[in-house]
Amino acid sequence: MEVELERMQIFFPASLEIQEELLKAGFKVPYYKETGRKTPVPVVVSSKAERRLRQNRLLKAKDFESDGKFALVPEERAVMEIDVTEKGFLILRPKPLEYHLEDIGFVSVPPRIWGTWASFSIPFSFYETLADFLSEFKSDETNGIYLASRGAGKRIEVYAYKGRTRKDLGIPVFGYTLGLHGLSLAGEYLREKAEENGVPEERLRYLKLGLRKKKETKAGLKVGVVWEDGRPSEITLKLSTTEPRIKVQGLYGELVGKSRGEPTRTDEWYIVVHAGDFIGALRRVVSAFG
């Protein structure tokens, strides 16, 4: 089964593992004071709605308009394939068919401290189709699934988590891979930055700019629903990791943050959860407002 996404954002700047890979190869990540040159790790973004951002935050796009100060990126297309295995695991395979690369810009909390580092938005109109697809896994038993919310006023996001200690994680994630390999725009961006940083282009073929869940990675998927004016508008899926904590040597000192997984070379994207957990969490958030 396949669904077209409203939005997709993969915050690769949240990964110290990827930053370390680039630093070891000779890239000055993310900012080199001596020359003033920036080499930010890109955020991969795809959005069905036009996206307006400051020109200096747009790292790479196939098509956009600019007035010199702001860039307008036209609507893009991303899908998610959804499959269930014989053992009851749900495999989510996001595919960015059209996308662009952004600099995360200034934020008060460094991304390496965040829990969530990948997010996907599905139109709520797809809920019934998804519920029917997973109907054999649904249960009236929702003990152990709890709710949390963020936002206020007309827009509130309610999400589910399994187990009282997993509020920052969501439902258990059993495996994932996400990475910059196979993205043509990322390849172009890195080749340009290699030239800027004086890095031999042949080094790019040895970089591991993908992330794979390790056994010790504490990972979860927050399954949520956004309510606007009392009506559900979209289903949100947010991949989070909280442990272990890691340290890397940055350009100007030691950096400490949350591990995002083991560096790997892959152009395959997937997230694995249990189908029963997923539909249980989704039904729980849908019923939050009655």
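## Pockets

The largest pocket of this predicted model holds about 650 Å³ of space. A pocket is an open set of points on a 1 Å grid over the protein atoms alone, with protein on both sides within 12 Å along at least five of seven lines. The volume is the space filled by probe spheres set on the points. Its lining has 25 residues, and Gln19, Pro30, Ile104, Pro111 and Arg112 lie nearest the centre; lining residues have an atom within 4 Å of a point. Helix H1 (16-25) and strand E21 (253-258) are the elements that give two or more residues to this lining. Helices (at least four residues) and strands (at least two) are DSSP runs, numbered from the N terminus. By type, the lining of the largest pocket has 16 nonpolar, five polar and four charged residues.

The second largest pocket holds about 280 Å³. Of its 15 lining residues, His181, Gly187, Leu190, Leu204 and Arg205 are closest to the centre.

## Nonpolar cores

The largest nonpolar core has 69 residues. Such a core is a set of buried Ala, Val, Leu, Ile, Met, Phe, Trp, Tyr and Cys residues joined through side-chain atoms within 4.5 Å, where buried means under 20% relative accessible area with a 1.4 Å probe, protein chains only. Ile10, Phe12, Val44, Leu221, Leu237, Phe278 and Leu282 have the most contacts inside this core. Helix H4 gives the largest share, seven residues. A second, separate core has five residues, including Leu53 and Val73.

Leu237 touches, among others, Met80, Leu92, Phe120, Leu221 and Phe278, leaving aside residues up to four places away in sequence. Contact means heavy atoms within 4.5 Å.

## Helix H4

Nine of the 12 residues of H4 are buried, so this helix is largely enclosed by the rest of the structure. Among the buried ones are Phe278, Leu282 and Val286. H4 covers residues 275-286 and should span 16 Å at 1.5 Å a residue; its end C-alpha atoms are 17 Å apart, which agrees. The expected span is 1.5 Å times one less than the number of residues.

## Pro13

Pro13 sits in the loop between strand E2 (7-11) and H1. With a relative accessible area of 16%, Pro13 is buried. Pro13 touches Val41, Pro42, Val43 and Pro111, not counting residues up to four places away in sequence.

## Basis of the values

Residues are numbered from 1 along each chain as its sequence is written, and side-chain values use heavy atoms, without hydrogens and water. In this predicted model, local features need pLDDT of at least 70 and side-chain atom pairs count only at pLDDT 80 or more, while totals for chains, interfaces and linings use all residues.

Key
Buried < 20%, exposed > 50% of the residue type's maximum accessible area, 1.4 Å probe, protein only. 1 Å grid on protein atoms, 1.4 Å probe; cavity = no way out; pocket = protein on both sides within 12 Å on 5 of 7 lines; lining within 4 Å. Nonpolar A, V, L, I, M, F, W, Y, C, P; charged D, E, K, R; others polar.
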